[in-house]
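Here's a quick briefing to read with the model open next to you. Have a look at the fold before going on.

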Amino acid sequence: SGKKYLAYARAYDRAGNWQDNFVSGTSSNTFIFDNTAPLSVLTVPNSNEVKTLTGISGSASDIISGQEFYAGLSGTNKVQLTIKDEGISRYFDGNDFTQVNITTVTVGSAADWNAWSYTSASGKWITDRQYTIRYLALDDLGNTGDSVPNQYQVIYDTTPPVSVINIPSQNSKLATLTAITGTANGMLAGL
């Protein structure tokens, strides 16, 4: 994979004649063989707990170290995503989290696949929920690599944490105080 080849055909007829001229694109062809998956990286979200999430973004590239030639990433629909709301076990279908079965959405286009973005889920995130984002890139030959895409889990949390002071109690009058105690709760994202 990642190599360029030249194939040529030389004909020999029954009279003993050998073909002596080769025409590019007819009797000789060059081609690139690439069966290596492109690389894909998620850049947003970049933390496992977030309070804002206006989109998902990343980068994809078919340029792999050690490969001199590659198919490339051109055109549309080169990045596929599955976004699952783990709280209700539903997948995002491009409009909302309603699908029970795995549903794939595509990043329609990008000026440069090294910096793609998907914003259709913006405004659909529900606070205090965990989401699993799977993503993969497809090169121009359809190479995707593993059948299991890259995965990232994120907790979307816009709920402020809550703290309670148990001791001393409100408006108490104390002569001694050995400790101040209380509790705090950060729900799913934690403290």
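Predicted model: local features only at pLDDT ≥ 70, side-chain atom pairs only at ≥ 80, totals over all residues.

Residues are numbered from 1 along each chain as its sequence is written, and side-chain values use heavy atoms, with hydrogens and water left out.

**Salt bridges**

- You'll find 3 salt bridges in the structure, a salt bridge being a side-chain nitrogen of Lys or Arg within 4 Å of a carboxyl oxygen of Asp or Glu.
- Side chains of opposite charge can pair when their charged atoms come close.
- Lys78 pairs with Asp140, with 2.9 Å between the closest N and O atoms.
- Lys78 sits in the loop between β5 (56-61) and β6 (79-85), and Asp140 in the loop between β11 (129-137) and β12 (150-156), so this pair ties together parts that are 62 residues apart in sequence.
- Strands here are DSSP runs (E, at least two residues), numbered from the N terminus.
- Lys78 is buried, at 11% relative accessible area, whereas Asp140 is partly exposed at 33%.
- Those words have cut-offs: buried is under 20% relative accessible area, exposed is over 50%, and partly exposed is in between (1.4 Å probe, protein chains only).
- Asp85 and Arg129 meet in a salt bridge at 2.7 Å, N to O.
- That pair links distant parts of the chain, with Asp85 in strand β6 and Arg129 in strand β11, 44 residues apart.
- Asp85 counts as buried, because its relative accessibility is 0%.
- Lys84 bridges to Glu86, with the closest N and O atoms 3.7 Å apart.
- Lys84 is buried at 15% relative accessibility, and Glu86 is partly exposed at 30%.

**Strand β5 and its partners**

- β5 is mostly covered, with 5 of its 6 residues buried.
- Strand β3 (residues 39-44) pairs with β5 in the antiparallel sense over 5 bridges; strands pair if DSSP finds at least two bridges between them.
- In that pairing, Ser40 stands opposite Ala60 in β5.
- β5 also pairs with strand β10 (residues 116-118), in the antiparallel sense over 3 bridges, and Gly58 stands opposite Trp116 in β10.

**A nonpolar surface patch**

- Ile165, Ile167, Leu174, Leu177 and Ile180 form a nonpolar patch on the surface, with about 510 Å² of accessible area together.
- Patch residues have over 30% relative accessible area and no salt bridge; like charges are joined within 9 Å, and nonpolar side chains (Val, Leu, Ile, Met, Phe, Trp, Tyr) within 5 Å.
- Accessible areas come from the Shrake-Rupley method with a 1.4 Å probe, and for residues only the protein chains shown count as cover.
- Ile165 lies in strand β13 (residues 162-167) and counts as exposed, at 58% relative accessibility.

How values were computed
Helix = DSSP H or I, 4+ residues; strand = E, 2+ residues; numbered from the N terminus.
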